[in-house]
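Please open the model in a viewer and keep the selection panel at hand.

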Amino acid sequence: HVVPNVISYSAAIRACANEPQWEAAIALLSHVPQSLLHSSASCFYEAMNACTNASHWHRAMELIADMLSFGVDAFPVDYG
């Protein structure tokens, strides 16, 4: 039994962005455990990408507010 993690959720959401199936991306995002959302913005970014690919800019903007409500830094700085 494989336990999903941030990487697997992000990959699944990214696949939706490539199709563009923004509603499926949002549905997958809603299934990501809150504990995983706190640690990574990647799931949100992939969902925003799916929304913008399908010209649903307003929903992508709402996801930024959702990120902030979960305590996720909407614009992280990469120090790597």
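What percentage of the 80 residues of the chain count as buried? The share is 35%, where buried means under 20% relative accessible area, exposed over 50% and partly exposed in between (1.4 Å probe, protein chains only). This is a predicted model, in which local features need pLDDT of at least 70 and side-chain atom pairs count only at pLDDT 80 or more, while totals for chains, interfaces and linings use all residues. Residues are numbered from 1 along each chain as its sequence is written, and side-chain values use heavy atoms, with hydrogens and water left out.

Begin with a cartoon of the whole chain. Five helices and zero strands make up its secondary structure; these elements are DSSP runs numbered from the N terminus (helices H or I, at least four residues; strands E, at least two).

Next, display the C-alpha atoms. They fill a box of roughly 30 × 30 × 25 Å along the principal axes.

Now select Phe-44 and Phe-70. The two form a tilted aromatic pair, 6.0 Å centre to centre with 50° between the planes. Rings of Phe, Tyr and Trp (its six-membered ring) pair if their centres lie within 6.5 Å; planes under 30 degrees apart count as stacked, over 60 as edge-to-face and the rest as tilted. Phe-44 belongs to helix H4 (residues 42-53) and Phe-70 to the segment after helix H5 (57-69), so the pair ties together parts 26 residues apart in sequence.

Finally, switch to a surface view. Phe-44 is buried at 1% relative accessibility, whereas Phe-70 is partly exposed at 24%.
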